[in-house]
Amino acid sequence: MFQLLNTILIGITSGAIYSLMAIALVLVWRSTRVVNFAQAGQALLSTYIGFEVIQRFDSYWIALIVAIVAGAAVGALIDVLFMRFLFSRNTQGPIAGVAPIIATLGLLGLIRGGIGIFLGNTEASIRPPVSNVGFTISGHTLAFSPLKFLIVGAVIFLMLALSLIFQRTNIGLALRASAYAPEIARLAGVRVDGIRTLGWALAGAAGAAAGMLQTPNGDGGLSPDSLDFSLLLVFGFIAAVIGGLESLIGAVVGGLLLGLVLAFVLTYVSGSLVFIIAFMVLILVLLLRPSGLIGAKRGRRA
Amino acid sequence: MHRFQHSNFSRLLFFVLLGGLLFLAGNRVDELRVYQGATLAMYVVAISSLILLTGYSGQVSLGHGALMAIGGYSAALTRNYLSLPIWLCFVIAILTAAIAGAVLGTAAARLSGPYLAGTTLALAVGLPSIANQFGFLGGEQGLLFDVGMPPASFGSDFSPYKWYFWIAASSALIAIWWLQNILRSRFGRIWRAVRDNEVAAQLAGIHVGKAKTLAFTVSSGLAGLAGALLAMTIATVSPSAFPLTLSFALLTGAVLSGVTTLPGVMIGAVTLVATPEIADSISRRFASSENVTMNLPGLLVSTLLVLVVLLVPNGPVEQWRSVRARKSAHAAH
């Protein structure tokens, strides 16, 4: 009974982090029609910036905020420096369709290699800002600690902030408009390019938050070729696909679902099968519900 | 029809001659170069499998490293547990990878660009973890893969590296020759039609899904061969032999080669073989730290990838060709 409860709690915590990454991928996909594989690199870079801040100021909270801001800046920069250039040049030819994908992969390698050269492959580490010892109830230890509480809280806060931006502000309206119908939005006076960059910035911020939360939630280790960030990317992608790749709510639901499934596999089956199960979930969703479990209706797809 | 057969035959002759030349060249250079020659041949096979997929059927795979791992592991398993002759191990490597590719391709045929890219990426990240799940796969250490000594009739000064080179180069030649033939056949035309315009191809009576699945299967088989060749040159198979960076490197090679030009495959393969050496000489010249030595090759490959996609998306060869065509058209006016 307690094991079941703990499994669910672990699933929710890791699922919340996958959701953040999925949101980052969805934001970029909606604004640019690119699945941004560099997102893992951006998250890694932002987390390293956060790590440096912790070294200087010894505060996780300042570091979290700085990392999120830096993540937004990096995202915006990538759009302005690379993506605009890429789209302005690359409109025809046999690989025009896949060129953006390849470019973001190249960026991922570039960021990883760059961090490796300047900061080294030796593991940096981020200690949890609050205790990661589980709460105890009547002698049983719950798999839910102040840290996990913080993670879930931070994810909920960021999601509320994002959905407020999207639903209640003019900028959010412009973001939605340019995603659904860029041409019409442009005619209506929306500066689509700028809005697109904003989408990349928001995605960068979400990715940075995912990185800063995932690192202390795992073993705290941080290295340029850490598997954690590759997995974050892959699980984020799977979560986004479960949610239909278009919708923010879908990304959250997808992340939580995937987190729960993987937590159950981890507890009741085997740790080294986690990955394969995730892959099978992806294939199943793609074969059975290619537009996602709660995918938007076809008519609304931009 | 007659001309077609003739050109077919002359191409075969060309490849046989090329093989003879390579064999002679293998006797002239030192061991390191021979070893690099074997690696080069491995990359030629791997990159051409990706070129077939991306350039000729318009799909993208970020997970060919995983398919190479499937090929490498099946070759090593059949060699170690069944002690089959080496050529049979290679055939089994090709078949196993092709079967895996067919399964993946059936799903892939229904996926468009970003979905397929993500799925194959997921495979490349996750497949190595299987090695830890099943004991007979050898865990992190992996398995030994020994292709055996060269036949005694080749003489006593015929080194193992030369034997590797010999196997790899002949496999590469056969693979490329076969691939060229298939690209000139009905299937090649079907794949190009699908790549250029799916709807039009469908209207012309082509079963798009089947065509894509077939392309993925053939490409995977070639990747399996490349995986077995890689396993041969490093004499082991282990999860760390097929990292994510391998898949990225192959993609870089394919893009550099100009994804639509099979003969360009040499450019990509040479670049991939030369990169570690260039990186090494750079970091030695500047007497730099271990960080630089470790990360420079990957950084160079990624930089090349980004630069090529941004500046000459269709590959340097194609770019040069189209510039020249434009110039000569200009001159004609």
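Predicted model: local features only at pLDDT ≥ 70, side-chain atom pairs only at ≥ 80, totals over all residues.

Mentor: The centres of domain 1 and domain 2 of chain B, taken over C-alpha atoms, are 21 Å apart. The domain assignment puts domain 1 at 2–242 and domain 2 at 243–333. Contact involves 35 residues of domain 1 of chain B and 22 residues of domain 2 of chain B. Together the two domains bury about 2,200 Å², with 79% of it on carbon and sulfur atoms. On the domain 1 side, Tyr43(B), Ile47(B) and Ile51(B) lose the most area to domain 2 of chain B. These three make up 26% of what that side buries.

Now the polar terms. Salt bridges between domain 1 and domain 2 of chain B number zero. Residue pairs in polar contact, both at pLDDT 80 or more, number three. Next, the elements on the domain 1 side. α2 (31–57), α3 (64–82), α5 and α7 (160–184) of chain B each give two or more residues to it. α2(B) has the largest share, with 14 residues. By class, this side of domain 1 of chain B holds 22 nonpolar, eleven polar and two charged residues.

The area buried between chain B and chain A is about 4,000 Å², and carbon and sulfur atoms give 78% of it. Between these chains the salt bridge count is zero.

How values were computed:
Residues numbered from 1 in each chain as written. Chains lettered and ligands numbered in written order. Heavy atoms only, no water. Buried area = accessible area lost by both parts, 1.4 Å probe. Salt bridge = Lys/Arg side-chain N within 4 Å of Asp/Glu carboxyl O. Domains from an automatic or database assignment. Contact = heavy atoms within 4.5 Å. Polar contact = N/O pair within 3.5 Å; in protein donor to acceptor, adjacent residues only side chain to side chain. Helix = DSSP H or I, 4+ residues; strand = E, 2+ residues; numbered from the N terminus. Nonpolar A, V, L, I, M, F, W, Y, C, P; charged D, E, K, R; others polar.
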